[in-house]
Amino acid sequence: MRKTISFAVILGFITAITLTSCTYKVQPSELALNGEGFKALNKSSVKSKIDGNRNQFLCYGFSANQMAHFKNAVYKNSGASLSILISFNSKQKNKKAEYPYALGFLYKEDLPLEPKNEHKLLNRLLFKGDYLECQKDKVRLSYSVSSVQEIPCGFFVYSTKGAAVSEVRIDHAKTGWDNSTDIPLFACGAQGGNVIWNFSSADLSSARKMFPEKNSLNKVMPVIEIGLFPLEDIGTLKKQTQVELTADGEAISIRLQKNQDKTIIQSAALRKGYDEIQLTGHPELVSSIMIKANSPSIAKNKFSKVLMPLKTDLGLVMDWPQENWRTADYELYEWNQFPGVLFLDFANYKIQNQFFTRLAYFAEKAGYKGTLVSNDFVENKHGYNAHDYKAQDLAAFFTTAEQQEFTLNDKEYLLKDILEANKIIIKNKDGTYSAGSGAVISFSRESPRYLRHVFLAHESWHGIYFVDEDFRNVVAACYNMFDERSMEFLKTFWETQPGLGYDRSDEYLMQNEFMSYIMQQSFENIRPYFLQVAGRGSVNRIQKEDAKYIRDTEAQAFVDAGQVLNDYAFTQWGLACGRVSLMTRK
């Protein structure tokens, strides 16, 4: 007797067969991270090869350890990226109008992965490109995940061109491109993007979904790293080779120094944002443009204090948007050309005075050196409109305060915290301080713009003098060969003019100021500046004959010394008298 099989039973049988045949049994992949293979979620993923025809997807699952590694990278750096190397099969003939490829992430809801559902993965946010636009057959793709996103449990690669995948890495979150090696790297943010083989611009807009858009005490805007192909010949001082770019329309020129391989632009320094970078001058000299998170240590603070600096070229400090400062009173920078040289830009003179007036009298003022003046003195006396101090003087100041049990003000204790955090001074077991390495310089937003330019140069040359022994030796040679009468004019000026009061018996101070007064203006302005000083009424009332000597000799001694110092600065650092930066904002 023939039995009748119901439609429901047949349908169930077909469904069972379909599920069994379409669900791939997970195997270990030959592709690995940290010595551990990924989970191959489809057959082609075992060998990590795509034929581009029937086989267009490679799908991988993270192991528990790989997942933990990814989570840890995201946590530590406020985001992380997955980077892969794709090698396309260039021998395979191109018969189509386009050959799309893509990198994407897998999540828990995607698993178990069925082959019939693979193409649905292409509907999500991807980092994608077209093989026909590729200028090379090997390319690295980096896709970032932000700290506010779900952590993926795997990734997939799609390609309509034959390809193989290798060298998977987990790294910092980033967006941009790097063309410094034979295998270019393209990186996109958390919202995905397109691989564009154009090394004269960079779309960084997707980075806004990964990094803070405003600075605060505990959140720091990202940094743009610009790689450079090193040059031995950077031109002449008057025609120095420059890379020019615009950041959302804001123009910045970057003078190059010898054999320089990179520079940085803090996104907080830009007035108009960083969505798009266009290289408008010498793009062939730029090897990479990449936006990344700043060091997490910068965002950490002690009792809501800004202690760690933002690295920058000083050319951007002058017009740094004050609304992007991390605290209202000041912003703290580190000169990227001279590590350890800190720069403080203050909101006004009052705050700067609270930080530095007592220190100014302790370190430099004749009749006060080595002593700690009272709080009343600090409130009613003015030190300088701009400041510079070496590590030895800073350590001596705080050691004296400790030994005398002298109560400093809150801003001076904050300064001490900054100096300790950056190892410019080092606290000893007995409570005293030793000099570390580095220096601190400052000016104020209250100074007129033209004076800020002069102060920036003047104080910054002091900063270099403090940390570079070879430069000090060059300055000493110029100082010792300098015209004696011109030197007497200069020392008397420093000793007698109101607001200066330098101790002329301090040979280190005299050489340092000699250099800085010459180099604080452009070489062309050295002669006019010293002739103007020699023409002042207050100067002629005190040293009439010496002032006349300067005018009669047309300040030639200062010009000659300036020539030597100017040439040295350009050869060593690409800098010049009156210019302590490589970047200029136009």
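The following dialogue asks how some descriptions of this predicted model are reached.

Student: What should I keep in mind about the numbering and the values?

Tutor: Residues are numbered from 1 along each chain as its sequence is written, and side-chain values use heavy atoms, with hydrogens and water left out. As this is a predicted model, local features need pLDDT of at least 70 and side-chain atom pairs count only at pLDDT 80 or more, while totals for chains, interfaces and linings use all residues.

Student: Why is Asp345 called buried?

Tutor: Buried means under 20% relative accessible area, whereas exposed means over 50% and partly exposed lies in between (1.4 Å probe, protein chains only); Asp345 has a relative accessible area of 0%, so it is buried. Asp345 lies in strand S23 (residues 341-346), where strands (E, at least two residues) and helices (H or I, at least four) are DSSP runs numbered from the N terminus.

Student: What makes the pairing of Asp345 with Arg445 a polar contact?

Tutor: A polar contact is a pair of N or O atoms within 3.5 Å; within protein, one must be able to donate a hydrogen and the other to accept it, and residues adjacent in sequence count only if both atoms are side-chain atoms. The side chains of Asp345 and Arg445 make such a contact at 2.9 Å.

Student: How do you know that the length of helix H15 is close to what is expected?

Tutor: The expected span of a helix is 1.5 Å times one less than its number of residues; helix H15 (residues 556-573), with 18 residues, reaches 26 Å from its first C-alpha to its last, close to the 26 Å expected. Among the buried residues of H15 are Phe558, Leu565 and Trp573, and their cover includes helix H8 (449-467) and helix H14 (544-552).

Student: Why does Met583 count as buried?

Tutor: Met583 has 1% relative accessibility, and therefore counts as buried. Met583 is in strand S28 (residues 583-585), and, leaving aside neighbours within four places in sequence, Met583 is in contact (heavy atoms within 4.5 Å) with residues including Ile252, Ile264 and Leu316.
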